[in-house]
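Let's take a walk through this structure together.

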Amino acid sequence: MPGAADISSSPAAGGHGQTVCVTGAGGFIASWIVKLLLARGYTVRGTVRNPEDPKNDHLRELEGAKERLTLWEADLLDFHSLRAAIAGCHGVFHAACPITDDPEQMLRPAVDGTKNVIMAASEAKVRRVVFTSSVGAVYMDPNRSHDVVMDESYWSDLEYCKDTKVLNWYCYGKTVAEQTAWKLAKELGVDLVVVNPVVVLGPLLQSSVNASSVHILKYLAGWVNTYANAVQGYVHVRDVAQAHVLVFEAQPASGRYLCVDSVIHRGEVVEILGELFPEYPLPTKCSDEKKPIAKPHKFNCQKVKELGLEFTPVKQCLYETVKSLQEKGHLATLPKRH
Ligand SMILES: NC(=O)c1ccc[n+]([C@@H]2O[C@H](COP(=O)([O-])OP(=O)(O)OC[C@H]3O[C@@H](n4cnc5c(N)ncnc54)[C@H](OP(=O)(O)O)[C@@H]3O)[C@@H](O)[C@H]2O)c1
């Protein structure tokens, strides 16, 4: 499959002379946000927990990094470290968050960490904060019919997330974090815009495998024999990074922005992977064939499209994810079957 257009080659605009902070800069999505911001001329301060950790080396290799990227040591639970990184910035992209369903690890960094970022941004009088929330703060509600087309006005049901805790502490944490962000931003007069992506896939810039890439890796690496009777939304990481920058740069942007290309059943995911990469031992059976097949949720992403975002099709996204996992050495390249 041909490669999708590289957004880093899109015309630089707006960023010259502006300094912005990206939290959790070494992560999967944040690395792409940093790459795009550098390409658009911004000076970027990336916060990481350990600037010396080789896992952040890829950031220093990005185009423009030598001249305009600095790494700042900051933990979400340490307000002073965030305050130092954000002071003097024109904007903040708050992407750092643990991705886990362990409430002990998830809730404080997600919620108190977001509070700390908004407070530091308020002190620094930044023009805008862009917060990476999740569709997990939007669609988790068992009483909502699958026929409902969800837009930015929908919220997950916190009680449901709590009751199904093992699966949904992550969604609970993201929902509470986003609600906290909106409340505090209003109180402090901070201009906040939120991006709510579904599962994000695509090429990795960092050397380690992040949680959403494992979602695909597990099928190809033979870690599972079956696929779940479940549906999932997917979006390309470049599109998500672009959405962040678009909502930052577009003066009238406000509120939440859903980012979803397609919502498909796991069976379709393995089918597409099988068409593109037939050499891998992909599961062919659903783990639960007794229950009716899970129906996809419906989302309306018109709002972000109106800012000019065009979504990369899911097939391209899956193709680039697998190629990247191979190139980074996370997945063995097998001889093609004919
Ligand atoms: N990937 C998806 O499918 C997806 C979908 C929707 C929303 N999101 C949201 O997008 C954001 C980025 O996700 P990602 O997929 O890029 O995850 P990732 O690769 O795991 O990156 C998460 C980042 O958060 C940082 N972090 C975690 N706890 C921290 C703490 N206490 N203090 C400072 N930094 C901390 C991590 O830093 P270390 O490297 O130091 O651990 C890491 O850089 C998250 O807010 C996530 O909820 C992701």
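Is Val193 buried or exposed? Keep in mind as you look that this is a predicted model. Val193 has 20 other C-beta atoms within 10 Å, and 20 or more is what it takes to count as buried, so Val193 is buried. You'll find Val193 in strand E7, which covers residues 192-197. Setting aside neighbours within four places in sequence, Val193 is in contact with Arg128, Val130, Val247, Ala253, Ser254 and Gly255. Thr132 sits 61 residues away from Val193 along the chain, yet the C-alpha atoms of the two are separated by 9.0 Å.

Now move over to Thr175, in helix H7 (residues 165-188). Thr175 is buried because 24 other C-beta atoms lie within 10 Å. Its contacts, again leaving aside neighbours within four places in sequence, are Gly136, Ala137, Trp155, Ser156, Leu158 and Cys161.

For a contrast, look at Lys125, in the loop between helix H5 (103-124) and strand E5 (128-132). Lys125 has 12 other C-beta atoms within 10 Å, and 12 or fewer counts as exposed, so Lys125 is exposed. Check its backbone too: phi is positive, about 55°, although Lys125 is not a glycine. Most residues other than glycine have a negative phi.

Next, the inside. In soluble globular proteins, nonpolar side chains tend to be buried together. Here the largest nonpolar core has 103 residues, and those with the most contacts inside it are Val22, Ile29, Ile33, Val34, Val92, Val129 and Cys259. Helix H1 (residues 28-39) gives the most to this core, with ten residues. Zoom in on Cys259 and, beyond residues up to four places away in sequence, you'll see that it touches Val195, Asn196, Pro197, Val198, Val235, Asp239, Val240, Ala243, Cys301 and Val304.

Let's stay with H1 and see how it meets helix H9 (residues 237-249). The two pack at an angle of about 60°, with their axes 9 Å apart. That angle makes H1 oblique to H9, and H1 passes H9 in a right-handed crossing. On the H1 side the contact is made by Phe28, Ile29, Trp32, Ile33, Leu36 and Leu37, and on the H9 side by Val237, Arg238, Val240, Ala241, Gln242, His244 and Val245. Sorted by class, these are ten nonpolar, two polar and one charged.

Finally, turn to helix H12 (residues 314-327) and its contact with helix H8 (residues 211-220). Their axes are 10 Å apart, at an angle of about 75°, which means H8 is roughly perpendicular to H12. Ser213, Ile216, Leu217 and Leu220 of H8 meet Leu318, Thr321, Val322 and Leu325 of H12. This contact has six nonpolar, two polar and no charged residues.

H12 also packs with helix H10 (residues 266-276): the axes come within 10 Å and cross at roughly 65°. The crossing of H10 past H12 is right-handed. Ile272, Leu273 and Leu276 of H10 make the contact with Lys315, Leu318, Tyr319 and Val322 of H12. By class, there are six nonpolar residues, no polar ones and one charged.

Methods
Residues numbered from 1 in each chain as written. Predicted model: local features only at pLDDT ≥ 70, side-chain atom pairs only at ≥ 80, totals over all residues. Axes fitted to C-alpha atoms, helices over the stretch in contact; angles between N-to-C directions. Helix = DSSP H or I, 4+ residues; strand = E, 2+ residues; numbered from the N terminus. Parallel < 35°, antiparallel > 145°, perpendicular 65-115°, else oblique. Contact = placed C-beta atoms within 7 Å. Nonpolar A, V, L, I, M, F, W, Y, C, P; charged D, E, K, R; others polar. Core = buried A, V, L, I, M, F, W, Y, C linked by C-beta atoms within 7 Å. Left-handed = near helix turned anticlockwise from the far one by under 90°.
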